[in-house]
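Hello,

Here is the structure I promised to pass on. My notes on what turned up follow below it.

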Amino acid sequence: MIRHRYISGLTARTVGITFLVAVTVIGATLLTNVTLKRMHLTIEAMTDSDMENLMTSVRLVQQSESLIALDLILSGADTHTQRRTALIELNDRIDWIDQLTGTLLKLPQQNEVVLRIDSTQKQLSDSVQLLNKLVRKRIDGTASTRDLAQIPALSATNQELAGRLSVMLGYFAANMRQQMTKRSTQLEEEINRHQLNLIMLTGLLLLSTLLAGFYFEFAVVRRILHVQRAVSQPAISPDQIRVSGVDEIAQLATTVGTYVARIQAQEAQMRKIHDELAYLAEHDSLTGLANRRHLYAAARRMIAQSLQPVCVAIGDIDYFKVVNDRYGHAAGDRVLIHIAEQLRNGLRETDILARYGGEEFALVLAVRTHEAAETLINDIADRVRHSSAALESGEQVNVTMSFGFSVIDASTVGEAEEQEVQMLLNQALNRADDALYHAKERGRNRVILASLTTDAEEAESC
Amino acid sequence: MLRARVLASIFTCLCLITAATTSLAQATTRDDIRVGIQLEPPVLDPTITAAAAAGEITYCNVLEGLTVVDAEGRIAPRLAESWRLSSDGLTYEFNLQDDVRFHDGSHFNAEVAAFSLNRIIARDSHNPQKKLFEKVRGIDVLDKHRIAVRLTQPDALLPYALAQTAAVIVHPDSVDTNATHPIGTGPFRFAEWEAGRSVTLLRNDDYWSGKARLTRAQFLFMQTSVGTENMLAEGLVDGLVSVTRLTNRFMVRPDYQMRERKLESKLLLAINNARPPFNDLRVRRALAHAVDRRGLLDLYGSELRPKLIGSHFPPSHPAYVDLVERYPYDPDRARALLAEAGVKPGTRVELTIPPTDYGRYGSVRIAEDLEAVGFSVELKPVEWKEWMQDVFKDSDYALTLIMHVEPMDLNIYARDNYYFNYDNAGFKPIWDQVLNARSEAELNARLGDAQRRITEDAVNVFLFMRPEQNLMHRNLTGLWEKSPIPAFVLEDIYWTQ
């Protein structure tokens, strides 16, 4: 897993992309370098060798042509000084031609033309040497008639040889020029090729850059944004924080997800504790019924919201002290639990039931009429009357309850202040309590509606 | 942010590539030089050859002396840091440069300096300037960097003699190979000698007194006039170390410039005084009358006219005596003298020509003049090596046309077995007086006597002083133009563009 992450991780990919770009740049530099070096060599060959050879051959053509003129001057000379000067110049030229031909002979690529140039030049040299001898003889006055006749003939031969040399050198020069043109074309092609290579490399560089850009956009920026968005939502779900892949960002997302999940778990735990505490604060731990505090809050809500009249009743277990005394407190508790169950079972979901005191219970119910309220409470009293609580010893205990109740016309309350509602409630409770007192007074096991006036009517059920 | 950085680095790389490419296109100032030199020396060691070309190439470039005649023509210290003359004038004490090495790594010290000087004055020495050291009795090594040169008589010119091309310091380990591969202490080291073509020197980067600006110097041998013309025309040489027939013509080119030098090159029709009929004074005088020296003055073109001389002495020297008209051009007088000496018309005489411009073209004129008085002249063109061997060493010649480039070299007439074969019995006492002159006036007077003597003896036909105008590329700076030493010193030369 670690190995895999190493290979495909963000760092590895960054290194990979950087390497790719670096390789492209280095490649372009090396390619340029190599090409420039090659071009430099070609140019050097052109200037140092080709150009030099071309110039040498052109010089040679020139010199061999001037040899013809010198031969003419030599054969037409009238004075010894003229002859000597012509000879000196002829020899000077032949020496120079010899030296130049030597340069051509040093060329690496020896071809037939060069060899023929060399042999013709040698012939010419020999012929000039012979001419030298004859002209010297003539100057010295020791030349025979045959010698004298040979001078113009030799001169003619020289002219012919020089002419031939000139033609061959011209051919050589043309070849050289062709070679230079070829090299120049090669160079041009090379430059074009390199231009194309450079364009391609630049394209590749741009492409790599774009790819790198896209890669960072999709592989880094967007995924980080995804995590950021997921985290900044009001309701965070750790599942949404997750991003695909196995790189550092995926790891980061997983870490953030885990962290968020942990925070959420802790939050839930705290809420649970809070709920438990809140429950304990508002409920009676023995019967599980709401306590007085919860009763007030729930009753206030009902009074404020209900469109129907609200009945507020208080019930008290008759002779509960007797039960405690006879069976003990544990049995008393069981009776209390049994009563709470009976009361709860007789009520609707929306009705409010609370343990109001030791053996006192309060009920807040939305009702249509006083009668309906009375019927409902009577039913509950009835249910209690006909049920019995099972003690641990197996004995059955029957108890009855007395109820006093009052009714609030909640429809008139509207949007009253909480304090006013509490006041209404308190009054209703007081009246119910008074009614309960009457019920106890009248022999218990009965339900009495509190009258709105002091001389309240008594309602008695059987 | 990340993308911007990637793009920035790519952009930087591209810029670098572009910069590298464009920098190739920038032109740079040249740091090499190609100099045309007419004669190829037989060897490159100036301590063993009279061929001035050896010194022209190596002096102050490859090989250095204890002293030097600098760019301004003044005597200056070189390998000797300083020197002191004793009160009796008989001992020179030289303090030598410390930490100087030869090109092969060997050290220069007092032992090496003493070895070099002893080699010059040795009995079997072939040093061409040995005569300048005649008064040296011996050399003492005082310590590692001090030597004393003891003299038989006072010699104020010793520091000048030590600055000559033939007095350069050589190392005992390389002395035997210096002829073909000179090893010295100079700012350039010998690289290659392509026989018949060129000698190449490369900069010595470890030179003891700072690097030269040129990195490469090539001395190209210009054996033919046509070749010289071709090379100059195509700009294949940056300058010539001496004047040629072509100089005049090429002066019109805007890239070349005339550079004047302070050399003392004398053109002579040298005569083998021992070879009949030239062992007869009348015949030699006949030659002097026969040669029309004025007719030779256009040898270097119309604008570069040489100065005539009547003896082996430069007109610029205060001791100069004008002997130009001692033997006026007079073919009749020449013929009469020849007849008197019994030289028959048609007598064959060989004129040996060195491979130079003045040799080739001057000899034709000389031949014409000599034939006009009855000689039958055979022109014998030879290679320079051949000339050095046959003429200079073996004295196997009758007449030769030759340029003597060494300054103040009248002493050669006092030498025995010099190639003139001059019977110098009468000259030697005069030269002794020259050497022992006690004042400058006396020295000049005695030098005047010496000039007169060789002219009277018509040892050679003294023709003219070579015009010291050299064709050089306009952008070359730092030439030692005021130095009388026939050398092409590279150390201060550089290209201005």
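I start with a proline. B:P277 sits in the loop of chain B between β13 (266–271) and α7 (281–290). The peptide bond that joins B:P276 to B:P277 is cis, with omega at about 0 degrees. Please keep in mind that this is a predicted model.

Two backbone angles also deserve a look. A:N445 is not a glycine, yet its phi is positive, at about 50 degrees. A:N445 belongs to the loop between α12 (418–441) and β7 (447–449) of chain A. Its relative accessibility is 26%, so A:N445 counts as partly exposed. In chain B, B:A458 has a positive phi too, near 40 degrees, and is likewise not a glycine. The loop between α12 and β18 (461–465) of chain B holds B:A458. Buried or exposed? B:A458 counts as buried, because its relative accessibility is 1%.

Next, the pockets.

The largest pocket holds about 930 Å³ of space. Its lining has 31 residues, and nearest its centre are B:D155, B:A156, B:L157, B:V434 and B:L443. Three helices of chain B each supply at least two lining residues: α4 (158–162), α11 (427–435) and α12 (440–456). The largest share is that of α12(B), with 4 residues. By class, the lining splits into 18 nonpolar, 6 polar and 7 charged residues. Where does the largest pocket lie? It lies between domain 1 (52–174) and domain 3 (266–465) of chain B, because both give residues to its lining.

The second largest pocket has a volume of about 710 Å³. It is lined by 22 residues, and the closest to its centre are A:E52, B:R197, B:Q218, B:L220 and B:M231. Elements of chain A and chain B each supply at least two residues to this lining. From chain A these are α2 (10–76) and α3 (80–105). From chain B they are β8 (188–194), β9 (198–203) and β10 (216–221). The lining of this second largest pocket has 7 nonpolar, 7 polar and 8 charged residues.

Now the cavities.

The whole structure has 10 cavities of 30 Å³ or more. The largest cavity contains about 390 Å³ of space. Of its 28 lining residues, B:L39, B:A52, B:W384, B:M403 and B:V405 are the closest to its centre. In chain B, α2 (52–58), α10 (384–393) and β17 (399–404) each give at least two residues to the lining. The largest share, 4 residues, is from α10(B). The lining of the largest cavity has 19 nonpolar, 4 polar and 5 charged residues. Domain 1 (52–174) and domain 3 (266–465) of chain B both contribute to this lining, so the largest cavity lies between them.

The second largest cavity has a volume of about 120 Å³. Its lining includes A:R84, A:N91, A:R136 and A:D140 from chain A, and B:V377, B:E378, B:L379 and B:P381 from chain B. Two or more lining residues come from each of α3 and α4 (112–140) of chain A and β16 (375–381) of chain B. The classes here are 6 nonpolar, 2 polar and 4 charged.

On to the rings.

How many aromatic pairs are there over all chains? The count is 24. B:F427 and B:W431 make a stacked pair, with 6.0 Å centre to centre and 15 degrees between the planes. These two residues are 4 apart in helix α11 of chain B, so about one helical turn separates them. Both B:F427 and B:W431 are buried. They also belong to one aromatic cluster, whose members include B:W384, B:W387, B:Y422 and B:F462.

Two arginines lie over ring faces. A:R292 is over the face of A:Y356, 4.0 Å from the ring centre. B:R213 is over the face of B:Y494, 3.7 Å from the ring centre.

One last residue. B:R253 is in the loop between α6 (247–250) and β12 (256–260) of chain B. B:R253 counts as partly exposed, because its relative accessibility is 22%. In sequence, B:R253 and B:H473 are 220 residues apart. In space, their C-alpha atoms are 9.8 Å apart.

Best wishes

How values were computed:
Residues numbered from 1 in each chain as written. Chains lettered and ligands numbered in written order. Predicted model: local features only at pLDDT ≥ 70, side-chain atom pairs only at ≥ 80, totals over all residues. Heavy atoms only, no water. 1 Å grid on protein atoms, 1.4 Å probe; cavity = no way out; pocket = protein on both sides within 12 Å on 5 of 7 lines; lining within 4 Å. Points joined across faces, edges and corners; volume = space filled by probe spheres on them. Nonpolar A, V, L, I, M, F, W, Y, C, P; charged D, E, K, R; others polar. Domains from an automatic or database assignment. Phe/Tyr/Trp six-rings, centres within 6.5 Å; stacked < 30°, edge-to-face > 60°. Buried < 20%, exposed > 50% of the residue type's maximum accessible area, 1.4 Å probe, protein only. Lys NZ or Arg CZ within 6 Å of the ring centre and 35° of its normal.
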